[in-house]
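Visitor: I have not looked at this one before. Can you walk me through it?

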Amino acid sequence: MIILGLTGGIACGKSVVSSALKKQGIPVIDCDVIAHDVVKKGRWGYKRVIKIFGPKILLPNGEIDRAALGKLVFEDAVFRRSLNAATHLPIALTILSQLIRYWLTFHPIVVIDMPLLFETKSNRWVHRVISVVANEDLQVQRIMSRDGLDESAARSRVAAQMPTAKKADLSDAVLENNGSKEALGEKVGNLVAQLKEHHVRVGGRAQKKNGNGPFIKKPSKLNQILTSPVVVLPVVFGSIAVVAHCLVMPVIHIVDKLFK
């Protein structure tokens with residue numbers, strides 16, 4: 001199984017790329033969705049966040065006020081690191097359970113959509129990274145239009161993240177989104193076609209799957225774990241459904257109950 005990381009700056013169009021990949025039949029693990037789920041009222045991540053930030057970020061119904069929390073973490077790097085620390089383990093366990101499920105059902109390619117892929121050093125767990133980038137002025141315009149913020153607030157949100165130029169330098173493939181959604185969709189289509197044909201084009205050079213292509217150059221650490229005899233043998237001699245049900249999902253439920 002090839003694990004690809006998808007990342008990009010705010011308002012660069014990463015969600016458009018993610019949706020396009022899903023339409024092409026490639027599974028996408030959306031870390032934004034997972035991050036929302038793990039901090040729902042009563043969940044383990046919820047309790048960890050409340051312990052750090054206190055009741056001031058709660059709505060009357062007890063749920064976390066995401067707007068208030070977002071404002072705090074975008075304006076203060078210390079709060080941002082604290083939030084990442086509080087949610088990292090619950091998110092990681094959920095990602096792992098989904099990866100194992102896709103691995104057990106023989107999906108050849110899986111994409112992890114993670115905005116903070118480099119910031120959390122999660123890129124070491126994937127084979128290769130795709131970044132979606134756009135110029136800063138366009139990012140600001142999109143944020144202002146989408147979120148109703150003024151220019152100063154929009155630029156603060158852009159500045160709070162790793163520069164897209166740095167992400168691009170660290171990535172194996174870059175999708176520039178300075179044009180229309182249709183143009184970006186076409187780029188995604190070309191990328192998927194290359195992946196499915198086991199080719200990838202970087203710097204004008206096409207390389208085959210069994211060569212040193214940037215997407216299939218070496219196994220990720222996670223693949224080494226998943227393909228070790230310790231993991232493979234129980235799967236071979238057991239039912240896929242039983243393994244998925246008995247070994248993966250209960251871990252999430254048990255951890256949740258322990259911290260309730």
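Guide: One term to begin with: angles under 35 degrees count as roughly parallel, over 145 as roughly antiparallel, 65 to 115 as roughly perpendicular, and the rest as oblique. Bear in mind too that this is a predicted model.

Visitor: Okay, so at what angle do helix 6 and helix 7 cross?
Guide: Helix 6 (residues 136-147) and helix 7 (residues 151-159) cross at roughly 120°, and their axes come within 9 Å. The two helices are therefore oblique to each other.

Visitor: Is that crossing left-handed or right-handed?
Guide: The crossing of helix 6 and helix 7 is right-handed.

Visitor: And which residues meet there?
Guide: From helix 6, Glu136, Asp137, Gln139, Val140, Ile143, Met144 and Asp147 take part. They meet Glu151, Ala154, Arg155, Arg157 and Val158 in helix 7.

Visitor: Stepping back, how many helices and strands are in the protein?
Guide: The protein has 12 helices and 7 strands. Of its 260 residues, 41% count as buried.

Visitor: What about the surface, how much of it belongs to carbon and sulfur atoms?
Guide: Carbon and sulfur atoms account for 59% of an accessible surface of about 14200 Å².

Visitor: Now the inside. How many residues has the largest nonpolar core?
Guide: That core has 28 residues, and those with the most contacts inside it are Ile29, Val49, Ile64, Leu69, Ile95 and Ile112. Two or more residues each come from helix 2 (31-38), helix 3 (44-53), helix 4 (66-75), helix 5 (77-104) and strand 3 (109-113). Helix 5 gives the largest share, 6 residues.

Visitor: New topic: where is Phe118 found?
Guide: Phe118 is in the loop between strand 3 and strand 4 (128-133).

Visitor: Why does Phe118 count as buried?
Guide: Its relative accessibility is 8%, and buried means under 20%, so Phe118 counts as buried.

Visitor: What is Phe118 in contact with?
Guide: Leaving aside neighbours within four places in sequence, Phe118 is in contact with Thr7, Asn123, Val129, Ser131, Met162, Lys167, Leu170 and Ser171. Take Met162: Phe118 and Met162 are 44 residues apart along the chain, and their C-alpha atoms are separated by 8.5 Å.

Visitor: Across the protein, what share of contacts join residues at least 24 apart?
Guide: Among contacts between residues at least 6 apart in sequence, 69% join residues at least 24 apart.

Note on methods. Residues numbered from 1 in each chain as written. Predicted model: local features only at pLDDT ≥ 70, side-chain atom pairs only at ≥ 80, totals over all residues. Heavy atoms only, no water. Core = buried A, V, L, I, M, F, W, Y, C linked by side-chain atoms within 4.5 Å. Buried < 20%, exposed > 50% of the residue type's maximum accessible area, 1.4 Å probe, protein only. Helix = DSSP H or I, 4+ residues; strand = E, 2+ residues; numbered from the N terminus. Contact = heavy atoms within 4.5 Å. Areas by Shrake-Rupley, 256 points an atom, 1.4 Å probe, with all protein chains shown as cover. Axes fitted to C-alpha atoms, helices over the stretch in contact; angles between N-to-C directions. Left-handed = near helix turned anticlockwise from the far one by under 90°.
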